[in-house]
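Morning, everyone. Please look at the structure on the screen while I talk.

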Amino acid sequence: MKLLRDCWAALLELFNVVTLSPNLQPASQQPLQGNLGADLNHVASGGPIFSPPSHPQDPESLIKCDYSQMGNQWQPCSTNHSRECWLAGPGGQQFDILTDYETKFPIGITRKYTIVADEATINADGVVLEEGKLFNKEYPGPWIQACWGDILEITVKNNLQFNGTTIHWHGIRQLQSLEMDGVNGVTQCPIAPGESYTYRFRAMQYGTSWYHSHYSLQYGDGMAGPLTIHGPSAANYDYPKDPILMTDWNHRSGFQDFQVELTGPGPPIMDSILLNGQVMLVAQDMDSSTILLSNEYEPPEVALLTDETEAENWGQGKKYLLRLINTSVATTFVFSIDNHNLTVMSSDFVPIEPYVTDHVTIGIGQRYHVVVEASPKNATGLPDLREAFWMRTIPALGCQNFQLGGVPDERQGIVYYKKGSTDYPFTPRGGFGLNCSDEPYNKLHPKIGWQVPRVELPDLEQKNVDLFEVGRDKPLAGEGEPLPTDTFVRWAIGPEPLYLNFSEPTILNLENKEWKDDYVVIPKPATNGSWIYLLIIGNATGLPPNPNPRQFIAAAHPIHLHGHDFALLQQSNAPLNISGGSSNIKLNFDNPPRRDVVLLPGGGFVVIAFKADNPGAWLIHCHIAWHASSGLAMQILESQDELRKELTPARLAPVEKGCATWDKWFSNPNNLWNANVSFFQDDSGI
C-alpha cells in the first residue's frame, strides 16, 4: 500500500487519493479547469479575483473566483473563522449565507468546459465492466467547478456508438433556462452520436452536487461526475477537501440489468460499493484478527493533521469540509468516520443551521456538506490516541439490493493521524441505527426561512393539493410499452408510467392543449408567486375507488424535483389515512426543511410545496435508476402560457437543431445496435 511519508504531503492528499480511478493515471483526475478565457487574469475594473478556500499547500487544485465586473469596492470576506461571508461591499453590503440566492447573486464570469462521452471498459473492483461509459475517459467524471454567480457554458460531445445522451445538472435551479436542464424527451432530443450540444446556465446556488446522463441507464454505467459551486458556508472550517462520491456498482451494464427489473423475479442485484470510483477489497480473519487486503487495490488513505503531534494536544485538531454525494443506482448509504463527530451544515443546495451527529444518512441524489474535526474521541469522551480509523459507507436497511449474505464491506477508507503509519484500523462502528430514512426532520432548519402559505388539509375534490400514488402499475390490454402487447408491470407516480418519445420533447410541443397519456404531463397554470402542493403516497387508506388500482409496495423512493427546491411540509412513515372524515396529515408551514431530493418512506407519504416562479416542464421522479426507467416519473408543466412566451425562437433554435441531427441519425438503420428488433427504446427514456 502506498504510504504518505510526509505529514504536510499527507494533509495535502486528504481525501484526494479517494478521487483516483484505479485504471487511470492520477494526473487525469485533476479538476477540470476548462477554457476560462482572458477574464481569469484580467481585472477590468479592479474587482476581486481570489482563490476560494483551499489548503495553502494546494492552491492550484481550485479555480479562481473572478468578480472584477463588480468593482474595487467589493472584497472577499471568507475566513476560517467566518465562512458565512463571501463578498463584502460598500455601505455594509454583503453576499453571504443569508443572501436569498434564488433572487440575488454576485456577478462572476463565464466558465467554458468541454465534456466528451466515450465508451470504455471500467475496472473499478477487479471485475471489468465491458460496457462502461465515461466522461473524458474518467470515472467519476472530471470535477466541474464554478464560483457563486458564474455562468457555466459546457459543451458535451457524444462519442458513443449506439446511444444518444443528455446531461442533467442535478439540483441546478435553471431559472429561465429550462432548455438547459438536460432531459431527453422533455427539454431536448438526445445528442446524436458524433454531435455536440452546449449547455449554458447561471450558478445561482452554491454548494456541491453532481452531473449525470439522463439518457436511460447511462449514469449507472459510469456517466456521472462532481459539480461544486464555491460560496459561503453555514459552519466554519480550516480546509475544504475534494468531493466524495459514494455509489453502488454492477459488473453488468444497466441496460442489461433493466431486463431483470422488467421480468423479475426481483430487482437487479448490485455487486460492489465504490468511493470515488474505486473499491476497497477487505476481509477479516476472525481467528487472528488480521485484516487481509487485495494486493492490487488499496484502501483510500486519509490523513488528518492536528496542531501538534503529541497525544495530549490532539484535541486541537483542524476542521475539514467534506462534500458528500450519493450517486448510486439503488442504494441509500449511512456515512461515518469511527470516533469522529460530523457537523452537518447543508442539505442538497440548501444551507441549514449546523448540527452535530456521528453519522449521516444520504439518499440517492442527495448531498451534504459536513465538517469533521481532527479530534477523535472514544466512547467515554476522552481523546482517542489511535493512529488509524475506518471511514464507512454502510448500505441502509431496506434501501439496498446486494446479494443476500454478500453485502460488500462497509469499510471503504482509512483515516490516518500519524505520518508513515502502516497499521490498519481496529476501530468499531458507532452505535447508530441503519434505518432507511432521511436525516431527522427536526434538524434540517434552513438558514433562509420560508413561510409557506397555508392550505387546508388536502381536499381531493377541491384539488388544493394534488395527490399522486407511487406503486406498480399493470397495463391495460393493448396499452403496454414498448409494444402494445407487452404486459410488463412498471412503476408509476402519475396516472400511468412515463414513456417518452425522444424525438418529440415537451419543450417543442407547448401549443398542445392535450398530451399523450404516457408523457404524464400535470398542467399547473400557476401565476408567479403562487404555490404548488403535492401529496405523494406510498400507501394509504380511505382513498376514492380506483378502477385500475395501483399495487402499493413497502419500498422507499428518493424523489427528485427538477427546477426547484421544495419545502417538505410533512414526511410520515405511516400510511396516509383519510378515512372517516379525518386524516393523519399535520403540515408544517413555518420554515420547513427544504431540498431537491426527499426520501418517500416505504409505505408512508410526503407533502411538498414549491413556489410557482420558474415556468417549465419539470421532471419529478424516483432516483432509483430502475424505477425511473420503469416509469416512476411525471412532468409538472408549470405556467405553460408564460413558458411559451419565454421560449423565444433564439432559445429554441439549438433544441430544434439537436432534434434534426437526432432524427437523421436515428432514421439510418445502420446506426442502430440491432436494426432487426421491432423497438429501439424499452424504458421510459430517463
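**The pocket and its surroundings**

Start with helix α2, residues 254-263. This helix gives the most to the lining of the largest pocket, with 3 residues. Helices here are DSSP runs of H or I, at least four residues, and strands are E runs of at least two, numbered from the N terminus.

A word on the source. This is a predicted model: local features need pLDDT of at least 70, side-chain atom pairs count only at pLDDT 80 or more, and totals for chains, interfaces and linings use all residues. Residues are numbered from 1 along each chain as its sequence is written, and side-chain values use heavy atoms, leaving out hydrogens and water.

Back to the pocket. How many residues line the largest pocket? There are 27, and F162, N163, F255, W673 and F680 lie nearest its centre. A pocket is an open set of points on a 1 Å grid over the protein atoms alone, where a 1.4 Å probe fits, with protein on both sides within 12 Å along at least five of seven lines; lining residues have an atom within 4 Å of a point.

S630 lies in helix α3, residues 625-630. Is S630 buried or exposed? Buried, with a relative accessible area of 1%. Buried means under 20%, exposed over 50%, partly exposed in between, with a 1.4 Å probe and protein chains only. S630 touches F258, R490, W491 and P497, not counting residues up to four places away in sequence. Contact means heavy atoms within 4.5 Å.

Finally, the whole chain. The protein chain has 5 helices and 42 strands. Of its 686 residues, 59% count as buried.
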